[in-house]
Amino acid sequence: EDISLHARIMAIADVFDAVSQKRCYRDAMTLDQSFNIIEKGAGTDFDPHLARLFLEARDEVAKLVHEKIIYK
């Protein structure tokens, strides 16, 4: 809780984006793998409440990821 709410939200978004998107040095992980990273990090790497909310929005997040890939 010493870390601001905005930073805790960004931590989840940043890691998810980093692992779920192709980079010049590696391929993207699958969405299942990307969500598993957030799930495993809940309570240690990520705020557990925010991680749970993110995971509960899985379908919506997946839809947004697919739209981003289609419209690049």
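This is a predicted model: local features need pLDDT of at least 70, side-chain atom pairs count only at pLDDT 80 or more; totals for chains, interfaces and linings use all residues.
Residues are numbered from 1 along each chain as its sequence is written, and side-chain values use heavy atoms, without hydrogens and water. Local features need pLDDT of at least 70 and side-chain atom pairs count only at pLDDT 80 or more, whereas totals for chains, interfaces and linings use all residues.

Reader: Why does Ser34 count as buried?

Author: Buried means under 20% relative accessible area, exposed over 50%, and partly exposed in between (1.4 Å probe, protein chains only). Ser34 has 1% relative accessibility, so Ser34 is buried.

Reader: Why is Lys68 called partly exposed?

Author: Lys68 has a relative accessible area of 40%, and therefore is partly exposed.

Reader: Which residues does Ser34 contact, leaving aside neighbours within four places in sequence?

Author: Ser34 is in contact with Phe16, Val19, Ser20 and Met29, where contact means heavy atoms within 4.5 Å.

Reader: What makes H2 roughly antiparallel to H3?

Author: H2 and helix H3 (residues 48-56) pack at about 155 degrees, with axes 9 Å apart. Therefore H2 is roughly antiparallel to H3. Angles under 35 degrees count as roughly parallel, over 145 as roughly antiparallel, 65 to 115 as roughly perpendicular and the rest as oblique. Axes are lines fitted to C-alpha atoms, for helices over the stretch in contact, and angles run from 0 to 180 degrees between N-to-C directions.

Reader: Which residues of H2 and H3 meet?

Author: From H2, Phe35, Ile38 and Glu39 meet Ala51, Phe54 and Leu55 of H3.

Key. Helices (H or I, at least four residues) and strands (E, at least two) are DSSP runs, numbered from the N terminus.
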